[in-house]
Amino acid sequence: MGYTREEKTIIWLDSFLSLDYARKVKISALCKGLFELVSDFPRYKRAVSQIAGEGVCAEMERSLDSFRYLEELLCSYARKGIFCITYYSDSYPVSLKEIDNPPLVLYCKGNKQLLSDWRKLAIVGSRRTSANILKLTEEFSAALGEAFTIVTGIADGADTAAIRGALPCGKIISVLANGFDHVYPECNRNLLDKIIESGLVVTEYPPAILPHKYNFPVRNRIIAGLSDGVLVVSGRLKSGTRHTAKYAFEYGREVFAFPYNIGAESGAVCNNIIKEGGKLVENLVDISAAFGIHLTEKEEIPLNETEREILELLRRGEAHIGELSKITGKKIYELQPVLVSLEMKRRVADCGGNRYCAIK
């Protein structure tokens, strides 16, 4: 992949791992044209030293003694299947330029064209998401993939469900919180390979960067920034998903959330988002209508075996969750996510007092 002088310069600058984002930005702002920094480094050496420190400045100067450093750097990326999209690249997403602290470089593997798709929707949630909500998330992602490129992370749980739903059509962007030399979580290594084959994986971190805990909330600004809207499917109040929703609100994106029963910790952040102005999502139309999109009648999401059993019982008449527990032999805590799912699919209604009835 060919790069312009400006692109090469920002890739060079981003390769110095001891520099944090703020110092890289300060250094890049020293000159009007970034290429001046490398073509006339002695002129900026004193200012660079004040920002980066003498040791890093000396390292930067040594790297410019020949073109070998940059050539070898770009070749190493190419051997790993990595291509770079920089802030100065034509294909850099406009939506990311609009956010605070836009990534200087996006390290990518997969289908670059997905960054140019004009409509993207993020789907995020907790690693500890109930099995029923995971299934619903996968179904929503598959259906929404008709109209949107789905954006998410790579964590186990809700991220994985969103990826599995969108993978068949290939409209999936996964944003990492580490460099490509590492896979986190390791259990999703095969899934990551599948995304690279048919979708796109991006990160702002050079390959050697480990998945440090503090990278994840910072990464979430990219998920929100890339997207036109964010759907939060699960999360405790202190879940990392709240960071993504916060960024989305700040960036003026549409924010959606699945509703949860009172006291359900696994969805507390969702209910909080709805209280703060997010849109409650019961079906696909609640999302598609916000963007003026008409999805085909895959909108009626199919029911699983347990959902069909409960719906048939409720078609005989209104029932308390305790009654349903006795009839089915299932614990009340097992039935609660099933009933939430049926509500979101507009098949049952909560009549109050833990009583439910079929509406379709």
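How many helices and strands does the secondary structure of the protein come to? It comes to 17 helices and twelve strands. Here helices (H or I, at least four residues) and strands (E, at least two) are DSSP runs, numbered from the N terminus.

Before you click, two notes on the model. This is a predicted model, in which local features need pLDDT of at least 70 and side-chain atom pairs count only at pLDDT 80 or more, while totals for chains, interfaces and linings use all residues. Residues are numbered from 1 along each chain as its sequence is written, and side-chain values use heavy atoms, with hydrogens and water left out.

**The whole protein**

Zoom out first. The C-alpha trace spans about 80 × 35 × 35 Å along its principal axes. Of the 360 residues, 51% are buried; buried means under 20% relative accessible area, exposed means over 50%, and partly exposed is in between (1.4 Å probe, protein chains only). Contact means heavy atoms within 4.5 Å. Among contacts with a separation of 6 or more, 70% are between residues 24 or more positions apart.

**Stop 1: helices 1 and 2**

Select residues 5-14 for helix 1 and residues 21-28 for helix 2. Their axes come within 10 Å and cross at roughly 145 degrees. Axes are lines fitted to C-alpha atoms, for helices over the stretch in contact, and angles run from 0 to 180 degrees between N-to-C directions. The crossing of helix 1 with helix 2 is right-handed: a crossing is left-handed if the near helix is turned anticlockwise from the far one by less than a right angle, and right-handed if clockwise. Show the side chains of Ile10, Leu13 and Asp14 in helix 1, which meet Lys24, Ile27 and Ser28 in helix 2. This contact divides into three nonpolar, one polar and two charged residues. Ala, Val, Leu, Ile, Met, Phe, Trp, Tyr, Cys and Pro count as nonpolar, Asp, Glu, Lys and Arg as charged, and the others, Gly among them, as polar.

**Stop 2: asparagine 101**

Move on to the loop between helix 7 (94-97) and strand 2, where you will find asparagine 101. Asparagine 101 has a positive phi of about 55 degrees although it is not a glycine. Most residues other than glycine have a negative phi, and most peptide bonds are trans. With a relative accessible area of 46%, asparagine 101 is partly exposed.

**Stop 3: helices 8 and 9**

Now select helix 8 (residues 131-144) and helix 9 (residues 158-166), which pack at an angle of about 35 degrees with their axes 7 Å apart. Helix 8 passes helix 9 in a right-handed crossing. On the helix 8 side, the contact includes Leu134 and Thr137, and on the helix 9 side it includes Ala158 and Ala161. In total, the residues of this contact divide into six nonpolar, three polar and two charged.

Stay in helix 9 and pick threonine 160. Is threonine 160 buried or exposed? Threonine 160 counts as buried because its relative accessibility is 7%. Leaving aside residues up to four places away in sequence, threonine 160 touches Ile154, Ala155, Asn188 and Leu191.

**Stop 4: around strand 6**

Highlight strand 6 (residues 200-203). Leu200 and Val202 point one way and Val201 and Thr203 the other, and all are buried. Two strands pair if DSSP finds at least two bridges between them. Strand 2 (residues 105-110) pairs with strand 6 in the antiparallel sense over four bridges, and glycine 110 has leucine 200 as its bridge partner. Strand 5 (residues 172-175) runs parallel to strand 6, joined by three bridges.

In the loop between strand 5 and helix 10, look for proline 185. The peptide bond from tyrosine 184 to proline 185 is cis, with omega near 0 degrees.

**Stop 5: the sheet of strands 10, 12 and 11**

Finish with three strands that form an open sheet in the order 10-12-11, with antiparallel pairing. Strand 10 (319-320) and strand 11 (348-352) stand at the edges, each with a single partner strand, so one side of each is left without a neighbour in the sheet. Strand 11 pairs with strand 12 (residues 355-358) over four bridges. Helix 17 (residues 332-344) lies across strand 11 and strand 12, at about 115 degrees to strand 11.
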